[in-house]
Amino acid sequence: GILEPAGGNKLTDFSAVDLAIVPALAVGKNGYRLGYGGGYYDKFLPSLPKNCLKICPLYSELLLDDIFHEDFDVRIDKVFTEEGFLQF
């Protein structure tokens, strides 16, 4: 029941993307996120330019000490909560 983008990806040149707002179920203080399990962001995040800022809005209680990650996972740069932000 989780909404996902319909159809193929229309944008193929990500070189001009300088900000990505990334959803998550939880984020670890190590900068890794727990997604919804569809792998959409696992495919999308590596295609962004290295200087693209990746942020995640999140409730503070969903900020965990650590999130298990694989070698292919991409860290986000900042988490914004109602209490402030954390930069990785």
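Me: How many bridges join β1 to β4, and do they run parallel or antiparallel?
Reply: In this predicted model, 3 bridges join β1 to β4, and the two run parallel. Strands here are DSSP runs of E with at least two residues, numbered from the N terminus, and two strands pair if DSSP finds at least two bridges between them.

Me: What stands opposite Ala20 there?
Reply: Lys54 in β4 stands opposite Ala20.

Me: Which order do the strands of the open sheet have?
Reply: The 4 strands are ordered β1-β4-β6-β7, with mixed pairing. β1 (19-21) and β7 stand at the edges with a single partner strand each, so one side of each has no neighbour in the sheet. From one strand to the next, the twist averages 20 degrees, where axes are lines fitted to C-alpha atoms and angles run from 0 to 180 degrees between N-to-C directions.

Me: And what do β6 and β7 form?
Reply: They form a hairpin with 2 residues between them. Strand β6 (residues 78-81) and strand β7 (residues 84-87) run antiparallel, joined by 4 bridges. Lys78 has Gln87 as its bridge partner in β7.

Me: Changing topic, where does Ser47 lie?
Reply: Ser47 is in the loop between α1 (40-44) and β4 (53-57); helices are DSSP runs of H or I with at least four residues.

Me: How is the model read, then?
Reply: Local features need pLDDT of at least 70 and side-chain atom pairs count only at pLDDT 80 or more, while totals for chains, interfaces and linings use all residues. Residues are numbered from 1 along each chain as its sequence is written, and side-chain values use heavy atoms, leaving out hydrogens and water.
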